[in-house]
Amino acid sequence: MSRKQKKTLVRILISGALFAGAFFIPVEGIWKLGVYLIPYFVIGWDVLWKAVRNISHGQVFDENFLMSIATIGAFCVGEYPEGVAVMLFYQVGELFQSYAVNRSRASIESLMALCPDRATLLDGDEEREVDPFEIEAGQCILVRPGERIALDGTVESGSALLDTSALTGEPTPRRISPGDS
């Protein structure tokens, strides 16, 4: 979890506790509004600020603006708990989304680390190390035991067991021989 996500989680927990406590405070009228504004601002100040900032940049109808209008509307009609709850649940959803995006990004980065930086190009009897992006369709590459395969292709000669678990998810090696992809 990133530092920003941890801060958001702390804000969610604090606001949730304040929100739960607000149910047990026996106040009415303007005092009830004040009691519910505290957890609302703890959890929603950043959404309100982004809405104002985006409006000043000409971007009016974004999710921050819509959440602000919905929750402020709830406060205007006297439904203070609903206004706080909507903002609280929105922030919980944003936290889950942020966490999922970061996990997906980390998975993609780990897959990109599997891609080798160099490939051995066979040019007649000569072998030379080149960037995989320099190899054109139809050229032959040499893959030694233990090396990662830099490009897709068809096996011309030799046979081996390939670890394709990064692509297929299956832990068993795949046997390849001439003519296999």
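Buried means under 20% relative accessible area, exposed over 50%, and partly exposed in between, with a 1.4 Å probe and protein chains only. The model is predicted, so local features need pLDDT of at least 70 and side-chain atom pairs count only at pLDDT 80 or more, while totals for chains, interfaces and linings use all residues. Residues are numbered from 1 along each chain as its sequence is written, and side-chain values use heavy atoms, leaving out hydrogens and water.

**Exercise 1.** Find out whether Met1 is buried or exposed.

*Solution.* Start with the place: Met1 sits in the segment before helix 1 (3-22); helices are DSSP runs of H or I with at least four residues, strands are runs of E with at least two, and both are numbered from the N terminus. Next, take the relative accessible area of Met1, 51%. Met1 is therefore exposed.

**Exercise 2.** Locate Glu127 and Arg144, whose side chains form a salt bridge.

*Solution.* The N to O distance is 2.4 Å. Glu127 belongs to strand 2 (residues 126-130), and Arg144 to the loop between strand 3 (140-142) and strand 4 (160-162). Glu127 is partly exposed at 41% relative accessibility, and Arg144 is partly exposed at 35%.

Technical notes
Salt bridge = Lys/Arg side-chain N within 4 Å of Asp/Glu carboxyl O.
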